[in-house]
Number of protein chains: 2
Amino acid sequence: MNLLQQKMLKPVSFTNVGIDDAFWSPRIKVNREQTILHQYQQCKETGRIDAFKLNWKPGMDNEPHIFWDSDVAKWLEAASYSLATHPDPELDRLVDEVITLIASAQQPDGYLNIYFTVVKPGERWTDLRDAHELYCAGHLIEAGVAHYEATKKRTLLDVICRYADHIDSVFGLEEGKKRGYCGHQEIELALVKLYRITGEKRYLKLSQFFIDERGQEPHYFTQEKVDRKGFFDEFMKYLDNIKEYNQSHKPVREQSKVVGHSVRAMYMYSAMADLAGEFGDESLLKACERLWNHLHTKNMFITGGIGSTGKNEGFTYDYDLPNETSYAETCAAIGLVYWNQRMLQLECDGKYADAMERALYNGVISGVSLDGKKFFYANPLASIGNRHRREWFGCACCPPNLARLLASLGGYVYSQMTDDLVVHLYVQGEAKFDLHGQQIIFKQKTEYPWNGSISIKINLDKPDIFGVKLRIPDWCKRAKLKVNNEEIEINGKLEKGYVRIEREWKNDDSIELELYMPIERMYSHPNVRQNANHVAIQRGPIVYCLESIDNVDFLHKLSLTKEGNLTSIYEESLLGGVVKIVGEAKLTDDPNWKEQLYSTDKPMNKPFQITAIPYYAWDNREPGQMRVWIQEEVK
Amino acid sequence: MNLLQQKMLKPVSFTNVGIDDAFWSPRIKVNREQTILHQYQQCKETGRIDAFKLNWKPGMDNEPHIFWDSDVAKWLEAASYSLATHPDPELDRLVDEVITLIASAQQPDGYLNIYFTVVKPGERWTDLRDAHELYCAGHLIEAGVAHYEATKKRTLLDVICRYADHIDSVFGLEEGKKRGYCGHQEIELALVKLYRITGEKRYLKLSQFFIDERGQEPHYFTQEKVDRKGFFDEFMKYLDNIKEYNQSHKPVREQSKVVGHSVRAMYMYSAMADLAGEFGDESLLKACERLWNHLHTKNMFITGGIGSTGKNEGFTYDYDLPNETSYAETCAAIGLVYWNQRMLQLECDGKYADAMERALYNGVISGVSLDGKKFFYANPLASIGNRHRREWFGCACCPPNLARLLASLGGYVYSQMTDDLVVHLYVQGEAKFDLHGQQIIFKQKTEYPWNGSISIKINLDKPDIFGVKLRIPDWCKRAKLKVNNEEIEINGKLEKGYVRIEREWKNDDSIELELYMPIERMYSHPNVRQNANHVAIQRGPIVYCLESIDNVDFLHKLSLTKEGNLTSIYEESLLGGVVKIVGEAKLTDDPNWKEQLYSTDKPMNKPFQITAIPYYAWDNREPGQMRVWIQEEVK
């Protein structure tokens with residue numbers, strides 16, 4: 001174990017973290033009762049599930065698409081997580097049925113992919129850049145791991161182990177093997193999961209191989225495309241740089257800037273973080289840290305969304321953060337959570353948890369409607385009224401990605417170290433740790449994110465000395481901490497965003513943490529031209545937005561006054577219960593302005609009271625405009 | 001002659017208007033000495049001219065493109081205008097050479113189109129929607145008319161008359177003729193010109209036929225595309241509405257809103273205005289007026305540019321006027337001039353001249369570099385530093401369009417009516433009118449647009465009673481008028497933007513007009529979200545912009561102070577001699593702002609003196625950012 005590995009944390013599995021609160025529990029319930037079944041129906045109706053019957057023949061309608069396996073796999077993963085925390089015989093039966101179908105599609109040599117079995121047989125592994133073949137394999141692997149974790153059944157796990165073994169026989173440095181890797185990263189992180197659950201080192205090595213080979217010269221994709229067209233050649237030719245698009249422009253350890261397709265990037269960086277930890281690989285960690293800084297200080301929306309344009313579904317250039325045309329794909333914000341959660345296990349630094357929290361409470365859950373049945377693919381930060389969630393997509397990556405994250409959310413709340421229990425997120429519920437040979441239970445009570453008061457009651461059989469690390473979020477400028485009603489000075493105790501309390505803990509000890517949560521006006525880095533002289537409202541981790549329904553049709557006509565008070569009000573009947581914010585603004589409203597388009601007379605303003613709601617909850621009522629960044633008076 | 005026709009004006013031909021000033025003359029000289037020859041070379045080098053030899057065979061490189069005829073035709077038109085005002089034997093020889101080549105390409109039946117002769121023989125008139133066949137014919141016709149006007153040679157005129165006769169035999173209401181029209185309007189206005197110079201009514205009727213048929217049901221393009229692919233099918237499928245794209249979504253008399261491709265729209269509206277006048281057609285005039293209002297009050301950039309997106313090279317929705325992504329194609333601003341000049345001949349209303357002037361001094365001439373050799377296709381109102389003029393384009397419509405407008409600019413300055421001589425634009429030089437049987441000469445002296453003092457000396461043999469109408473531009477809020485040094489009260493005399501002085505004019509009478517020209521802060525209609533709380537600087541007809549080279553790298557960091565003085569300074573050595581504007585602003589420049597992307601601390605400002613230059617002159621020095629609309633303090 002090297003130094004890097006000595007610092008590492010271990011996340012507490014979602015199966016040991018109960019969530020029982022007013023914010024996440026309703027979402028997880030909707031996810032379980034609506035979203036997961038809705039997505040099964042969508043997969044069924046669109047032919048994605050039955051495609052595993054391999055009945056499709058050339059000339060038939062509804063040709064299976066190269067992505068389909070992954071949609072079903074992500075649904076299986078979500079359903080499995082849900083089964084782990086909420087047993088449900090009917091869902092269990094559905095899952096078994098789908099797994100039987102998937103297993104039946106496996107070829108004698110272990111290969112398992114619909115498209116290259118029925119649509120393009122004989123063309124396996126010939127279009128790694130575009131055809132998502134290893135990507136689909138990765139999602140099947142994640143599904144198999146999740147299903148085993150959740151149900152202890154090996155039905156899917158055995159199938160995907162055989163598939164992984166087959167892949168391992170095809171790819172590698174050895175003579176006769178392909179030295180390729182996937183144009184859409186995903187299998188790399190999946191293989192790490194498979195290694196962790198099976199203990200089979202070959203899977204870890206295969207993941208490392210894919211990461212290490214990426215971007216090496218002679219370039220695999222260049223050679224691959226010499227005499228073969230790519231599935232996406234038409235699309236790819238609109239890209240400025242195909243190698244940057246899939247982050248194969250350089251070997252990963254030489255990369256310093258986030259480029260290209262943002263979901264591909266997040267999945268790759270996640271695997272890099274995993275491998276850095278598994279191998280104690282400092283060079284991978286350094287690359288992750290450089291990329292992390294570049295992303296979080298120059299290319300992230302305030303909602304935790306990433307990806308500034310739909311053109312490449314990804315990054316553009318530093319400080320380019322357009323609001324109406326932000327791409328901010330739901331999958332990319334989810335990928336940001338995956339990556340930050342992994343970075344956080346490499347080092348207990350609050351900046352990772354801050355980014356994870358920012359995405360979770362804003363740009364991730366904006367992806368799904370409150371009723372759990374409609375989804376955003378892109379999550380813009382402003383809309384002129386024409387952007388609405390949809391029930392499904394031809395390329396349906398986001399909905400099941402959301403479903404699997406929500407169904408396993410408990411896994412992001414706590415970690416533990418050799419002698420420390422760590423609280424990253426404030427979510428009411430009960431968590432079980434296994435430390436120094438006994439079970440320790442944390443009962444967390446809080447109305448977070450609407451309120452910053454958190455209490456944690458600790459239950460354990462015999463008193464024990466260990467540290468409890470509590471995260472003080474970056475948005476919080478003043479916090480108060482008590483243990484058993486006795487105040488503890490935080491100043492001086494804060495290390496990288498966490499305060500650590502080491503003592504002998506006894507049963508029924510209690511921790512009270514008060515995170516002061518005023519309404520904040522947030523400003524962007526001066527280089528962000530789209531937000532110059534604009535302000536965003538944030539309270540706690542929640543980023544706010546204006547919607548027409550609460551304000552006026554044209555939201556650009558509103559300017560916040562500099563001194564105008566902003567007040568927060570909890571409203572139970574609004575959008576499932578939210579804290580809304582009201583305040584003084586000016587509205588451009590000039591009855592003297594005639595038909596002319598340009599004039600030397602400046603349009604007049606009048607006072608107006610604005611109402612802001614949490615960004616994640618927008619587009620759940622009457623359609624209209626939305627904006628996060630609001631003009632502010634310049635003085 | 002109906003009422004409509006009684007109100008009409010007649011433009012004074014550019015051949016009777018000498019331009020001899022400090023603003024336009026250097027441009028026209030560069031156009032003559034650089035641009036026109038540069039464009040000949042480009043046409044030659046790219047194979048556009050030699051393509052008329054019809055030597056191309058399938059399988060050969062450099063396949064002639066469907067647009068090519070029109071590029072050469074517009075060059076011929078420009079060269080012809082130039083020959084009319086500046087005889088040049090070498091250019092005359094080049095023109096003759098090209099005309100000989102074009103004539104040699106004419107088929108025995110009069111047909112004349114490179115693409116459908118050598119690339120797709122046998123497919124004539126089968127893809128009217130996309131293939132630009134009648135569009136190319138229209139430009140050849142305009143060239144033939146111009147060449148005849150300029151040189152009195154019939155070489156090209158005879159060729160294009162035969163071609164027009166052939167087209168007339170193919171299209172029409174009569175049994176056996178096609179009831180189609182072009183997907184890119186152009187031939188309609190060309191045929192009116194041909195009618196006017198030949199007196200052949202058939203050409204006028206054919207133009208009327210094309211206009212009247214457009215958008216009728218059953219829809220020609222729908223029928224045409226039933227069993228034939230269009231040249232641009234791939235592109236067209238990205239359009240929301242192909243019929244709106246080419247303005248065939250409704251019969252033209254039922255159209256009220258500007259939609260689709262902006263150049264197509266301008267050329268069509270120009271023909272509609274022409275036909276309204278020729279036929280005294282009130283219903284066409286009403287349609288023009290509705291469309292004019294919609295365009296000029298909701299969809300025009302302050303530079304006179306039009307077209308809000310490159311997606312359809314055209315219109316989007318009302319008040320959508322994005323600055324960085326404005327399309328504002330050079331050809332569309334030129335088309336706006338063509339249309340407004342025609343509307344102005346239907347009614348002497350200053351609003352048409354105002355729009356024409358706005359485009360001419362801003363969004364049209366921004367299309368060409370000061371050296372005459374580089375061109376903008378799109379003319380954005382803001383740039384982050386990545387937009388630059390280019391020497392040529394694959395689709396090279398804009399450069400020769402600019403050249404032909406500049407070479408015939410004199411034709412936009414004056415009109416005459418039965419008893420009135422009308423001054424629309426203030427341009428130094430000498431103009432000849434023919435009124436009441438004698439020649440009258442106006443000698444206009446002015447430093448316009450840098451200075452609003454204008455003097456006109458009138459020369460005529462015998463005293464005569466007539467009216468002189470002088471335009472008082474919309475940008476001018478205070479004007480002073482003297483005749484022979486005697487002040488004339490303008491108030492009460494102003495009708496639709498013109499002041500009329502009727503008297504008995506004697507030789508050497510003089511008119512002095514003083515148009516006060518302060519620096520103005522211009523505001524957009526409150527519905528234009530992109531310009532909320534932004535201001536543009538305008539002085540006289542000139543719209544200003546900031547460039548990085550005179551200010552700072554990131555122009556969004558500048559805000560104009562509300563009270564800050566703005567001062568105008570003529571600088572002879574700057575950009576060919578311009579009035580620049582300097583003034584007080586604030587610059588966001590916060591040394592305390594660290595690496596973080598978002599903060600609760602508002603970035604600080606410091607005072608900064610900005611320098612603005614005329615918009616048309618941007619991108620003629622070191623590359624950098626540019627913006628027209630500048631943030632203004634909100635108070």
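**Chain A, charges first**

Reader: How far apart do the centres of the positive and negative side chains of chain A lie?
Author: This is a predicted model, where local features need pLDDT of at least 70, side-chain atom pairs count only at pLDDT 80 or more, and totals for chains, interfaces and linings use all residues. Residues are numbered from 1 along each chain as written, chains are lettered from A and ligands numbered from 1 in written order, and side-chain values use heavy atoms, leaving out hydrogens and water. Lys and Arg are the positives, Asp and Glu the negatives, with His and chain ends not counted, and each charge is placed at NZ of Lys, CZ of Arg, CG of Asp or CD of Glu. Chain A has 78 positive and 90 negative side chains, and the centres of the two sets are separated by 1 Å.

Reader: What share of the residues in chain A is buried?
Author: Buried means under 20% relative accessible area, with a 1.4 Å probe and protein chains only. Out of 635 residues in chain A, the buried share is 64%.

Reader: Of the contacts in chain A between residues at least 6 apart in sequence, what percentage joins residues at least 24 apart?
Author: A contact here is heavy atoms within 4.5 Å. For chain A, the figure is 70%.

Reader: How many residues of helix 6 of chain A are buried?
Author: Helices are DSSP runs of H or I with at least four residues, numbered from the N terminus. Helix 6 of chain A covers residues 133-151. This helix is mostly covered, and of its 19 residues the buried ones number 17.

Reader: Which residue follows helix 6 of chain A?
Author: The residue after helix 6 has a positive phi, near 60°. That residue is Lys152(A).

Notes: Buried < 20%, exposed > 50% of the residue type's maximum accessible area, 1.4 Å probe, protein only. Helix = DSSP H or I, 4+ residues; strand = E, 2+ residues; numbered from the N terminus. Expected span 1.5 Å × (residues − 1).
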